[in-house]
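Today I am opening my notebook on helix packing.

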Amino acid sequence: MLIKILQKLLPPGSKGQEHQQNQKKPVDANLEHVIEQLEQIFGGTSDLVLRKLLIGAGSKPALVVYLENMADKKILSEGIIAKLQEAPPEFLDNVKVTAHSILAVSKVSVTADLNRVVSRILSGDTGIFLAGSSRAIIAATGGWETRSIQYPETEVNVEGPKEGFIESIDVNMTLLRRRLRNSNLRFETITLGTRTNTEVAVAHLQGVTDPGIVAEVKRRLKAIHKDGILTVEILHEFLRDQPYSPFPTIAKTERPEKVVACLLEGRVAVLLDGYPFVLVAPMTFAMFLQAGDDYYQSFYYGTFVRWIRIFAFVITLVLPSFYIALVTHHWEMMPTALALSLAGGRAGVPFPYFLEALAMEFTFEVLREAGIRMPRAVGQAVSIVGALVIGQSAVQAGLVSPGIVIIVAFTGIASFAIPVYEASTPFRLLRFPLIFVTAGLGLPGLVAGVMMIWGHMTSLTSFGVPYLAPFVPLQSKDLKDTLFRVPQWAMFTRPQSIPSMDPKRLDDPKIPPEGKDS
């Protein structure tokens, strides 16, 4: 009675009712009752197939249940239905023997829980019920259409592998397994989403990854109670340490080799079925400075481009604000010729500096968004032509000065130099409040705003790891793969900022750089 009262008091979708739904439901030995239960659960959906047949030379009825277009029809017809109809009568009295000796499928299991059978049917498997048995057989028959492996579009490299993750979690796990052929690579599967029942896999390298980080990742995942898990960004918002920070504290990538490199450093990867990106944690800001080409080319070039990226980060954040501070409050800091040239370019412009900067920044963001959303064949052309036409027309009409057009264009180009797309987003957003602060206070306001951003970044963590490591706190040994890209023979330890069970990466750290025999 008390349980019924609590069920009435709990709102729909509450944890109490979810617990009731997740309780085991026994398999009925009467096939007619099973059909009634399944029709009630699936609500008469048109893609549910309930096929009754006689197995073992017609001696015993059985029920084969699957979802059309979710199960491989060739495996169904040749590996299940044909094998059951040809099964010897003596094997039909034992469900476990029937499952493992008769069925020609890659994976079978036996269960007495009807809810588990329903869950696997929704995932593409086939449920087999034998008359007179209170246990059912689950056969792996998933065979829906998937997108072929293609080149990663958001993380472009000049060299390196041309494979990217796709929407199938099984294929994505295979891409990782092919590159990390180690028996210590572990995948632990969790089902999330009370209605979508989405499969999530946690990957880590046992013996390298700290067990505490793995346990914390799984704890946070299991604490998610949401009806639908459709993108990894949903997981990102639930998993991150500081949910209100504009800076991403969990990395997101579509390149398998990058995930493998992170696993070798002691990080954890989270794969989501139906989404072609993988989350990696713990994450540090230094990961935004790294790109695949750094490791496919000379370490001299890798170091050079990393410093270019640092410059791009600074330009993306502060260049418009710095320009406004100079032309609004600090003319005396500029050379006379430059000040006169900028002042002459503003002749006839009716708006103050910060308004024309805001207008041009907003226009550039609109063009960027339009170029992304438009069809690929015309999107890039429209965005480039639009920027040129609007910028030139605005200058000729006297609405903005040539100087602000150059500043905004260079700032936008610098944001594209950042190798990770999501890394530029917080800097693009924070650029606008910095413009307001600098317009009122000048360079002191710019310095104060940058220090507030730096202080906020210093306070961030990713599963307990400082976000700005190895810069804050300073860990000099980790600078070899952050500010610099030293030769591979010099990277003989894993990052100290990431807790690891095995800090040693190179078996013989005394290998001479000349390549002589040791």
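**Entry 1: helices 14 and 17**

I found that helix 14 (residues 353–373) packs against helix 17 (residues 421–441) at an angle of about 160 degrees, their axes 10 Å apart. That angle makes helix 14 roughly antiparallel to helix 17. My note on the words: angles under 35 degrees count as roughly parallel, over 145 as roughly antiparallel, 65 to 115 as roughly perpendicular and the rest as oblique. Axes are lines fitted to C-alpha atoms, for helices over the stretch in contact, and angles run from 0 to 180 degrees between N-to-C directions. Helices here are DSSP runs of H or I with at least four residues, numbered from the N terminus.

The model is predicted, with local features needing pLDDT of at least 70 and side-chain atom pairs counting only at pLDDT 80 or more, while totals for chains, interfaces and linings use all residues. Residues are numbered from 1 along each chain as its sequence is written, and side-chain values use heavy atoms, leaving out hydrogens and water.

Next I looked up who touches whom (contact means heavy atoms within 4.5 Å). Residues of helix 14, including Phe354, Leu358 and Phe362, meet residues of helix 17, among them Tyr421, Phe432 and Ile435.

**Entry 2: helices 3 and 6**

Helix 3 (residues 31–42) and helix 6 (residues 114–122) pack at about 55 degrees, with axes 12 Å apart. This makes helix 3 oblique to helix 6. I listed the contact: Gln37, Leu38, Ile41 and Phe42 come from helix 3, and Leu114, Val118, Ile121 and Leu122 from helix 6.

Note on methods: Helices (H or I, at least four residues) and strands (E, at least two) are DSSP runs, numbered from the N terminus.
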